Each structure stands twice: as C-alpha cells, then as structure tokens.
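This report describes one structure, part by part. Please look over the sequence and the model shown here before reading on.

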Amino acid sequence: MVNKQTKIGRFLLLSTVSCLALGAQSALAAACPEGFPERPINFYVGFAAGGGTDSIARTLAQAIEQAQGWNIVVENRPGAASAVMAQSLLNMEPDGHSIGLGSSDTLVWNPTSGDLDFHYSDFLFLGSAMDSWNSFAALSTAPFDDIASLVEYTREIGMATVAVAGFNQTLVVEQLADQYDINLVPIPVAGSAESMMLTLGGHVDATIQGVAHLAELESGNMKQIASVTSHRLPYQPDSPTLEEQGATALPIQSVTVLMAPKGLPDDVRICLEQVVDEAVNSEIYHNLMVSFNNEALNRGPEGVVDLISSRDARIRALYDNPAN
Amino acid sequence: MLGEFSTNIALGLSTAFSIENLLYCVLGVTLGTFVGVIPGIGALATMSMLFPITFYLDPTSAIIMLAGIWYGSSYGGSIASILLNLPGTPSSAVACLDGYPMARQGRAGIALFMTTMGSFFGASVGILLMMTFAQPLVALALSFGPSEYFSLMVLGLIAASVISDGSALKAIAMVLMGILLGVVGLDVQTGQTRFTFGMINLIDGISLVALAMGLFGIAEVTSSVRQATGTLIQHITLKSMIPTRDDVRRSWMPMVRGSTLGSFFGIMPGVGPTVASFISYAIEKRVAKEPERFGKGAIEGVVAPETANNATDQAAFIPTLVLGIPGSATMALILGVLIIHGITPGPSMITDRPEMFWGVVMSFWIGNVLLLVLNIPMIGIWVRLLTIPYHYLYPAIIVFICIGVYSVNGSAFDVFLIIIFGVVGYGARTLGFPVAPMLLGFVLGPLMEQQFRRTMLMSRGSFDVFMTRPMSATFIILAALLLAWSIWAAYRHRTPIKRPPNSAIKTVDGD
C-alpha cells in the first residue's frame, strides 16, 4: 500500500515536474508575463520575400514557435531599404505583438535622407540577428591586390571606378578618395546584381559587395582587396581590414535589427529580448547563417543602440566638419 | 562534348521526371497561367507568397515550381489583354493593341491560339539557348557596359516611337509623361529623392504593376461602363478558333524575330519582358508591308510581343543561374531559394550541382509542353468569359486588380495609385492620348537616365565613348538611320493624305 502510494506520489511528482518543465519551457530563459502573447505576433520584414532579411525573419519565427509555442505571422513590408516598415511600426501599438526586422543603417542619419519621419530613438531595439559584412573586391586580373596598390594604380592612370550599391558603400569610397587624395570614383547602382555585372564585365575597377561575390571568390575569378568590416572575415582570413591597411574610412557596420515601437511594458520587453536571444542562438538559425556564409550574432539591445548612435554621430561629424 | 551534352540532358530528364518534381512543375505552371490571366495578380506576388513553402522543399523542386509560375504567367498574361483589353501582366499590355481589336472582330480564338503557339516558340528558343550557348551569351551580356545599354535604349525608344496610331505629338507627350513618372523616387546616383513630396511610399518609385493596371485595367473598365450594353457576346464557333493559312503565314517571321529579340533582352539583367514586348511590337510595325493594319487587329502585333516576352522569361534564367546575378525581383526570389538551401549561386553551380541545373532546364521543357496542352483546350473556355455580363465581370476585375496590386508590396498606397492612374488613363483615352507609349517611357526612361549618367561618370563627362565603343556606336548609328528614315517616311506620307481616306481603309478590310 505504502509502496503503491509512493508510486502514485512519484507519478504525481513526476507529472508535476514534467508539467513544470513544459510550462517552464516558455519560462525557461524567457520570463514572459502571464497571458502574453494574447494573439499571434506579427513580424514585419523591411525587405521583399526571398531576400536575406526575409529568410532571417522566417527562421527566427520558426525557432520561436518551436521554443515558445507562440504563433508568429511573417509579413513583408518592403520599400526604401526597410524605411517603409520602420515608419509603419511607428503607428502600431507598443504591446509586443508587432515586431519589425530591418537594417540598422536605415535608422542612421545620412546626408540625403534627412527628410525621413523617424529617428532611431523612436524605437525600442530587442536585439540583432546578424552583422552585414562588406568587402572591397575586384577581378583577379586587376593590377592591384590591396588598398596601397589600388591607390598607386589610381594615381598612375588618373582615375579608378568602384561600383557601389547604397549610401554606406558610397561613403567608404568617398572617404578613401579623400584620405589618399586620389580620383577614386564611386559608381552608384541600384543593387548588388548591377555592381557585379559592371565588375565582371570589366567596366569598373572594383566593387564593394556583401555576399554576391562569394561564388566568384571561390572560383578564383575575383579577389578581395580589403574587408570593409571592423574585423577580418572568416571566409577571407587573409584579407586585412581597411583599418589594418591604414585606411581611415569608417567600416560598414550594419546589422539586422529586431525592433518594436517605443513604450513597450517592461515585462514584455524583457520577455521579448530573451526570446529573441534564444532564437538567434538556436540551431536552425545557426544553420541558416552557415548557408549565408555568416555568423549568428546578437549584439543585444544596448549593443544595437550603441552601434546605431555611434555610427550616426560619426557620419554626421563627417558631413559637419567641412562646414566648420 | 556531344556525349557530355547528352549525359547532361539525361541527368536533367531523370531529375525533372521524378514524380515529385513533375507535380511541382504542374502546380507551378497551372498556378502561373491563372495568376497571369487575372489582371493585377502577377507572378512576383504569387512567388513571394509561396516562397516560405520553399524552406521545406527540395531546392530543385522549389525552383521548378517558382519558375513554372513565372513563365506560366506569361502564357496567361495575354488572355485578358485579348479578350477584355485588360492586360493580365504589364508585359502583356502591348497585346491589347491588336489582340482586343481581333476579339472585337470575332477572332479572339485565333489570337489566343496563335499567342499560345508564339509563347511556346519563344520559350523554346530561350531554353535552347540556355542549353547550348549559355556561356557565350553571358560573355555577351557582360560586355555590355553603361554606354552600350544607353545606346541600345535610345535605339529601342526610337524604334518604339511608332507604337501607337494617331498623333505623333500626343504619343511623344505620353512618352515624356511616362519618363517623368519613372524618375519619381530615390535617385540612385545621388541618393536624393525626386518628386516624392516627402512620402516614404514613393521612395522606391511608382510600382509598374500599379501603373499598368491603372492605365489599362481601371481605365478600360471605367470607359466601358459608359457604353456597356450587357455583354460582349459573340458567336463562338469552332471555325473562329482555327487560324487561317494567312494567319499562320503572317505569324512565322514575327515569332522568329520576337524570340530573337526576347532572348537578347532576357540575358540583359534589368531590362525585362515589358521592354522586350513593346520593342518587338514596334519592330513588327516597322517591317510590316502594311503598317496601317496595326492597332486594328494585326495578328503579328499579338504574336510577336507574346513570343518575345516568353523568350525573355526563359533567357532571364541564363544570367541568374550561370552567373548568379538576378536581373529582376522574380529572379532574385529564385536565387533566394538556392541561398537558403546553402547553395551559392554562381559559376560553380553548374559544375557542382549539374543535376539541379539540368533538372531545372529540362523541367522548363516539361512545363512549356504542359502549358501548351493546358492552354489550347482552355481557349474555348476563356472565350466564354466574354459572355459574362458586364455587371458581374467588371466589379470582379476591379476587386482582383486591387488585391493583386496590394499583394505585390502589401501596400495600400499602391491601391490609391491605381485609382489615380485609372483616372489618368480614362482621361487620356477620352482625349485621344495613347497610354502604351506612357508605359514604355516609364520603363525605358529611368533605365536610360541611369545608364547615361553612369557612362558620364566613367568617361569623365566625355560623349566620345558612345561612338568609340564599337557596339555602342553601332546602336547609335542604327538609331540615327532609323530616325532619318522615319522623318523621311513621314515627309513622303504627307502627300497621300489629300487622297480620299477610303483607299487606305479598303486594304485593311481586304485582309
């Protein structure tokens, strides 16, 4: 009898433990307020379906659904490099059910988009999912291998061109031209596809690329001149950064951010920060990063704000100085 | 070499003929045809919606399905153009010009049959090129720098200046209007926004789908309301579906020209099927013995552009799969499938994953044969669309257009745009301004501008490059000759205008 009771007791205990464990799964690392979320959470992606940020959002959503048992609806709000998404987020309820995914550089001031209706301080950042890596690359047949020889080459022939897509890439070329006082001309194009065409066709001397050039690097058709990041890239460990090569141009530091409208209740905010961190560190997300030739990295809420604000200040300073 | 080629084909067929892949191919092309038919809902929106599913699919199956939607929608695109004067997709807008008059003459079945044949022909040429000359074609595409692109666009724009009938001045005004609308948004060269009036929704420019659906779709529905008298009923007899020997004879060369031109534009990233279809129409009108038949139901004017846009669709896979460079948003989706499955698109893919490359290519054959089999028996059913009373058909169309345009970017703003362009299109129509040149100006204008400024940046402001680079010089000289010829022809035609106008019309009736 006693024996039986103990058995029942153990059974009850075990079920309680497993119930706790089940319940704890959502409370394991992420301490979420009772009854949150009340309904499916919306992920608003600042880029079109099929792009890098879209895949990141869907994979993170999948990881969160598995870990927390929540429902997440991923919706694309493309336009103006995720500025359309950011603006629409401003009008949403800060209740934790609307989360935006976009590029941090869209929230950084740039001299041409001064008329956007938002500032990075209008948002609450839950964390980041990936750093975007950029490289300075050229055809393997190009008569230069690093920044020094590129400078030399540009001086020799009088002008060299670099295909760039987006303001942050243009800025790097302009700073290089300034620092070395050379005629290094950015050729702005609409996207990496166009800059790759110009580079592979030999119409420009070099290009700045995120990932579109990786296959060409592998096949030996292109070479990396510099890593436009703050550290060397795992896929090109022998290619020094701009800084290592003595160039003072700001490296491109853009991350995929998860953001919410400002005014989120503290308990919901803490819960979401933890949930995001778990998802970024999940196995399925790591696998996605392997296929992206990148790494999962959550800079954390403060880290993201630091990155955006320091980059914002440095770019503003670049444009203020000449005026002074 | 030949042995390797046949091994590749065998490998491709064995991949494409697996039950799973066959099923996804059927699904893709069927869905493609339907979204092509429905005005507003297009391949890009459908592919975007289905993209999340591809996470769980084998990458080859995923590409086979998405590609099927893409080329399938080109088959369907012209159906509504021909029957209702409402293009299903922007690239089939030009099929309205002669397709709709054919339908009014009771020759809708023939137009549908011949465009299906043309689409198949164009697609076949595109696929054959992909199988045989992919590498040299990629080299050709890469040799095109900004100056060549610009000169080519100049040639295209001059060739296409004949696209509409009636007042040349009105047509030019509409081209300019189109260019003006095309420059709205972020200027890539300077990063400045132009004509956005502070609206964030305009930073990426005006949506092509919204413009096309407003100008052609909403405007057509609106203007029909005034004259609507029940239905467009016509007698549908078997005979009206069988092309005459004359139709077939007239269609051969347009198919050959259309597929050549379409394939050429396909390998050029960024140009796209809309430009190909417009320019192909313009070329047919240029080379025709009786250009006055165009706009009144000339079969060449329907077959050539539809052949061209299908050839473009297929040839667009050449830079996408061979170089890993997508020429359009749809192609970027295809590459997205590869990337999320850990396959780096690019030159190494064909050698590393031959079963995937050849499997996809062979699935194109299967898909296109399926489309042929699917579309020809459907013609009779499509034609019956015309028997649906206006008061059911048109509200439904407006709903579809709005859903379709909304679904491209999930943007309510784009829905407002179609209403605005609907009003513009209706006004233009009422005042006798042709809308087709506006669409052409919209697509070609910004392309030309960007390439021109890029050329100037690279040549340090010198215009010489347009003439010192041989290919660019060739295009410029051709454009100059064409312009001179047009002016001369226009001058020569001034005299016959005094003749009784009946003489010209008679030849048309005689057809």
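## Where the two chains meet

In this predicted model, 45 residues of chain B are in contact with 44 residues of chain A; two residues are in contact if their C-beta atoms, placed from the backbone, lie within 7 Å. On the side of chain B that touches chain A, at least two residues each come from α7 (134-143), α15 (329-340), α16 (347-352) and α20 (436-458) of chain B. Helices (H or I, at least four residues) and strands (E, at least two) are DSSP runs, numbered from the N terminus. The most is given by α15(B), with 6 residues. By type, this side of chain B holds 22 nonpolar, 20 polar and 3 charged residues. Ala, Val, Leu, Ile, Met, Phe, Trp, Tyr, Cys and Pro count as nonpolar, Asp, Glu, Lys and Arg as charged, and the others, Gly among them, as polar.

## Numbering and confidence

Residues are numbered from 1 along each chain as its sequence is written, while chains are lettered from A and ligands numbered from 1 in the order in which they are written. As the model is predicted, local features need pLDDT of at least 70 and side-chain atom pairs count only at pLDDT 80 or more, whereas totals for chains, interfaces and linings use all residues.

## Chain A and its domains

Chain A has 10 helices and 10 strands. Of its 324 residues, 48% are buried; a residue is buried if 20 or more other C-beta atoms lie within 10 Å of its own, exposed if 12 or fewer, and partly exposed in between, with C-beta atoms placed from the backbone.

Domain 1 of chain A covers 41-131 + 253-323, and domain 2 covers 135-227; these bounds come from an automatic or database domain assignment. Their C-alpha centres lie 29 Å apart. Between them, 6 residues of domain 1 are in contact with 4 residues of domain 2. The side of domain 1 that touches domain 2 divides into 1 nonpolar, 4 polar and 1 charged residue.

## The sheet with β1

In chain A, an open sheet of 5 strands runs in the order β2-β1-β3-β10-β4, with mixed pairing; two strands pair if DSSP finds at least two bridges between them. At the edges stand β2 (72-76) and β4 (123-132) of chain A, each with a single partner strand, so one side of each has no neighbour in the sheet. The twist from one strand to the next averages 20°. Axes are lines fitted to C-alpha atoms, for helices over the stretch in contact, and angles run from 0 to 180 degrees between N-to-C directions.

Strand β1 (residues 41-45) of chain A runs parallel to β2(A), joined by 5 bridges. Opposite A:Glu75 in β2(A) stands A:Tyr44. Helix α3 (residues 83-90) of chain A lies across β1, β3 (98-103), β4 and β10 (254-261) of chain A, at about 155° to β3(A).

## The sheet with β7

Another open sheet of 5 strands in chain A has the order β7-β6-β8-β5-β9, again with mixed pairing. Here the twist averages 30° from one strand to the next. Strand β6 (residues 160-164) of chain A pairs with β7(A) in the parallel sense over 5 bridges, and A:Val164 stands opposite A:Pro188 in β7(A). Because 4 of the 5 residues of β7 (residues 184-188) of chain A are buried, this strand is largely enclosed by the rest of the structure.
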